[in-house]
Amino acid sequence: MSIYYFINTAISNDLLKEVLKTGLICVGSKGCGKTNAVKVITRELLHRGFADVKVFDLALNWLFDFEQLTFQLVEDDTIIVNAKNCIYDFTLTYDHNQINYTMQRLMRRDYHDKAQMKLVCDGQIYTRLVYIVEEAQNVIGSSALRGKENHFWLKAISTSRNIGLSYIFIGQRLSDISTKAVERCNGYLLGKMTGDNDLRKVKALGGKELRRQVKQLEVGSFIYYNGDKTEQIDFPLFESYGRPKPYLETQPTVEMGSGLFARIKEWIK
Ligand SMILES: Nc1ncnc2c1ncn2[C@@H]1O[C@H](COP(=O)(O)OP(=O)(O)O)[C@@H](O)[C@H]1O
Ligand SMILES: [Mg+2]
């Protein structure tokens with residue numbers, strides 16, 4: 001059965017284009033609607049053909065209601081496949097280094113592929129890919145980024161957009177996220193926040209007025225801030241039409257170095 005989606009007018013093309021250009025850090029207290037908001041954005045990215053997505057989830061947030069994607073449940077010893085439009089759920093992976101290592105491996109491959117694509121395509125970018133990272137403090141948190149092994153994330157944040165990769169990081173507290181990452185990012189989706197520490201960070205980011213706006217938000221409402229513009233977005237409740245399917249071997253994989261030209265032809269057509 002196919003599903004006919006209507007364009008969700010709460011999400012503008014401009015917002016989606018900015019997400020592709022600058023990336024997005026989505027923060028707010030637990031339960032303020034972050035996962036819901038990012039699901040709404042993700043559906044529009046896919047539906048309007050703006051980008052492919054890969055979701056890194058740690059706690060079964062996406063697995064029950066995102067019918068547009070496939071999923072792989074990653075356990076400590078799972079051999080993961082680099083699939084198109086996929087949820088990688090790490091609920092059953094207990095080793096945090098392993099999670100981070102897996103994410104970075106996937107990203108590096110895509111990075112390499114996208115860079116090659118741009119080279120072959122005369123500097124043009126024809127396809128885009130957005131990573132969605134739940135519990136982002138684990139990968140771009142202050143302590144996480146101190147480790148040398150995580151520096152690829154910083155490289156990814158600062159340069160990926162030039163080759164068609166972008167990211168949406170979801171976290172509970174702005175103060176848990178490394179300032180190095182915050183400085184490199186230009187797009188924020190700020191939800192309801194209560195902690196003084198976080199509100200102080202918001203003020204440092206965009207001034208008193210931004211702090212005032214964030215303070216009065218309700219569940220489901222966010223302030224989008226990109227350095228000069230602020231805009232309130234009231235997200236609708238994400239509506240699920242079914243479950244994602246488990247990833248099958250027959251689906252298109254993106255194996256690095258194999259048949260690059262064939263894939264380029266397929267992607268561009
Ligand atoms: N836009 C919205 N409208 C109405 N209810 C919402 C909305 N966003 C979230 N909620 C409610 O809040 C709950 C928590 O949302 P969720 O996105 O999981 O929060 P978070 O990821 O910030 O912890 C949801 O289960 C839903 O009931
Ligand atoms: Mg959540």
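Predicted model: local features only at pLDDT ≥ 70, side-chain atom pairs only at ≥ 80, totals over all residues.
User: Hello! Is strand E6 (residues 165-171) buried or exposed, and how many of its residues show this?

Analyst: Residues are numbered from 1 along each chain as its sequence is written, while chains are lettered from A and ligands numbered from 1 in the order in which they are written. Strands (E, at least two residues) and helices (H or I, at least four) are DSSP runs numbered from the N terminus, and a residue is buried if 20 or more other C-beta atoms lie within 10 Å of its own, exposed if 12 or fewer, and partly exposed in between, with C-beta atoms placed from the backbone. E6 is largely enclosed by the rest of the structure because its buried residues number seven of the seven.

User: Which residues point each way from E6?

Analyst: The residues on both sides are buried. One way point Leu165, Tyr167, Phe169 and Gly171. The other way point Ser166, Ile168 and Ile170.

User: Which residue of E6 is the bridge partner of Cys26?

Analyst: Strands pair here if DSSP finds at least two bridges between them. Strand E1 (residues 24-27) runs parallel to E6, joined by four bridges. Within E6, Cys26 has as its bridge partner Ile170.

User: And which E6 residue is the bridge partner of Val130?

Analyst: E5 and E6 also run parallel, with five bridges joining them. Val130 is bridged in E6 to Ser166.

User: What are the edge strands of the sheet?

Analyst: The sheet is open and mixed in its pairing, with 10 strands in the order E9-E8-E7-E1-E6-E5-E2-E4-E3-E10. An edge strand pairs on one side only, and that describes strand E9 (230-234) and strand E10 (245-246).

User: Where is the bridge partner of Leu190, and which residue is it?

Analyst: Strand E7 (residues 188-190) and strand E8 (residues 221-225) run antiparallel, joined by three bridges. The partner of Leu190 lies in E8 and is Ile223.

User: Which residues touch the most other members of the largest nonpolar core?

Analyst: A nonpolar core is a set of buried Ala, Val, Leu, Ile, Met, Phe, Trp, Tyr and Cys residues joined through C-beta atoms within 7 Å. The largest one holds 63 residues. Those touching the most other members are Cys26, Val130, Ile132, Val133, Ile168, Phe169 and Leu190.

User: Which residues is Ala156 in contact with, beyond its neighbours within four places in sequence?

Analyst: Ala156 sits in helix H6 (residues 151-159) and is buried, because 24 other C-beta atoms lie within 10 Å. The C-alpha atoms of Ala156 and Met107 are 8.4 Å apart, although 49 residues separate them along the chain. Contact means C-beta atoms, placed from the backbone, within 7 Å, and with those sequence neighbours left aside the partners of Ala156 are Met107, Tyr111, Leu165 and Tyr167.

User: How do the residues around ligand 1 divide into nonpolar, polar and charged?

Analyst: A residue is near the ligand if its C-beta atom, placed from the backbone, lies within 6 Å of it; 13 residues are around ligand 1, and Gly33, Lys34, Thr35, Asn36 and Gly220 come nearest. Ala, Val, Leu, Ile, Met, Phe, Trp, Tyr, Cys and Pro count as nonpolar, Asp, Glu, Lys and Arg as charged, and the others, Gly among them, as polar. The shell divides into five nonpolar, six polar and two charged.

Conventions:
Contact = placed C-beta atoms within 7 Å.
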